[in-house]
2 protein chains.
Amino acid sequence: MKAHLDVITLAVHDLARAVAFYRDGLGLPTKGIVATEFPPTTTDAAGAVAFFKMQGGLMLAVYPRRELARDAGIAESPPSSGEFSLGYIAESAAEVDALLERAVAAGASRTEPPRRRPWGIYSGYFRDPDGHLWEVIWNPKAAEPS
Amino acid sequence: MKAHLDVITLAVHDLARAVAFYRDGLGLPTKGIVATEFPPTTTDAAGAVAFFKMQGGLMLAVYPRRELARDAGIAESPPSSGEFSLGYIAESAAEVDALLERAVAAGASRTEPPRRRPWGIYSGYFRDPDGHLWEVIWNPKAAEPS
């Protein structure tokens with residue numbers, strides 16, 4: 001296996017709401033909901049999905065949680081936070097604060113104020129409208145001249 | 001917010017087991033468990049974590065689920081699949097089959113046999129030892145001359 005990851009798919013309750021949050025709220029680029037020409041069938045999940053193009057060929061996707069469960073062949077389960085988090089490295093503590101505020105304004109919830117962690121970073125978490133965790137990080141050491 | 005994602009952290013029950021799965025089972029590069037000098041405190045989570053370096057500056061991390069909940073300031077919840085999936089693009093259908101078999105041999109569970117999806121890809125899913133979903137994908141269209 002190559003050390004490569006191509007897609008991160010987030011299970012969402014409402015595809016349009018998730019697109020609005022990531023596109024309009026956070027400003028991530030997307031073509032919007034695509035693959036709507038593939039309705040659910042007796043054997044297959046629906047295709048409709050939205051992709052946000054990140055760095056290095058990585059795609060962030062939002063996909064209905066029922067369809068992800070069907071596509072993966074697992075039972076659908078109620079939403080649960082804490083299975084994973086996505087980390088975003090900001091360039092300053094002020095940018096951490098600002099991005100958390102922007103996310104909350106767009107419909108996210110903040111779990112607690114951002115703060116310095118014992119390992120040196122300054123960070124805070126938000127949960128997107130589906131409860132998925134994001135940690136927004138500033139690493140002062142990364143800013144030091146090496 | 002830039003279209004950039006720096007870390008994907010998977011909540012795991014047993015850090016050593018997760019490292020063994022991803023390093024020894026799947027062959028991903030890592031320095032092993034680091035930040036062990038930060039024990040849990042009354043206010044902070046433990047630091048111990050392992051990183052796997054992916055493309056484009058992206059890090060895949062494994063971190064104890066209890067510590068992720070503490071670090072994020074949320075309640076710990078029982079494991080649940082279906083909140084997200086990680087997608088890996090292989091270069092052939094045979095590579096999809098082989099990687100699924102390799103994952104299962106390393107301790108993953110397969111949800112169903114890989115198959116062609118209506119949108120043209122050939123893919124199958126496995127769940128890592130903590131239940132996190134991976135979809136291994138071959139896209140025949142990507143192999144066509146353009």
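**Exercise 1.** Identify the bridge partner of A:T9 in β5(B), and state how the strands pair.

*Solution.* In β5(B), A:T9 has B:S85 as its bridge partner. Strands here are DSSP runs of E of at least two residues, and helices are runs of H or I of at least four, numbered from the N terminus. Next, β1(A) pairs with strand β5 (residues 84-89) of chain B in the antiparallel sense over 4 bridges; pairing requires that DSSP finds at least two bridges between two strands.

The model is predicted: local features need pLDDT of at least 70 and side-chain atom pairs pLDDT 80 or more, whereas totals for chains, interfaces and linings use all residues. Residues are numbered from 1 along each chain as its sequence is written, with chains lettered from A and ligands numbered from 1 in the order in which they are written.

**Exercise 2.** Describe the side of chain A that touches chain B by element and by class.

*Solution.* The contact (C-beta atoms, placed from the backbone, within 7 Å) takes 53 residues from chain A and 53 residues from chain B. Elements of chain A giving two or more residues are β1 (7-12), β3 (49-53), α2 (65-72) and β5 (84-89). Of these, β5(A) gives the most, with 6 residues.

**Exercise 3.** Determine which rotation superposes chain A on chain B.

*Solution.* The rotation is 180°, with 0.0 Å of shift along its axis and an RMSD of 0.0 Å, by least squares on C-alpha atoms of residues with pLDDT of at least 70 in both copies. This is the relation of a two-fold axis. In chain A, the C-alpha nearest the axis belongs to A:G56, 2.3 Å from it.

Conventions:
Contact = placed C-beta atoms within 7 Å. Nonpolar A, V, L, I, M, F, W, Y, C, P; charged D, E, K, R; others polar.
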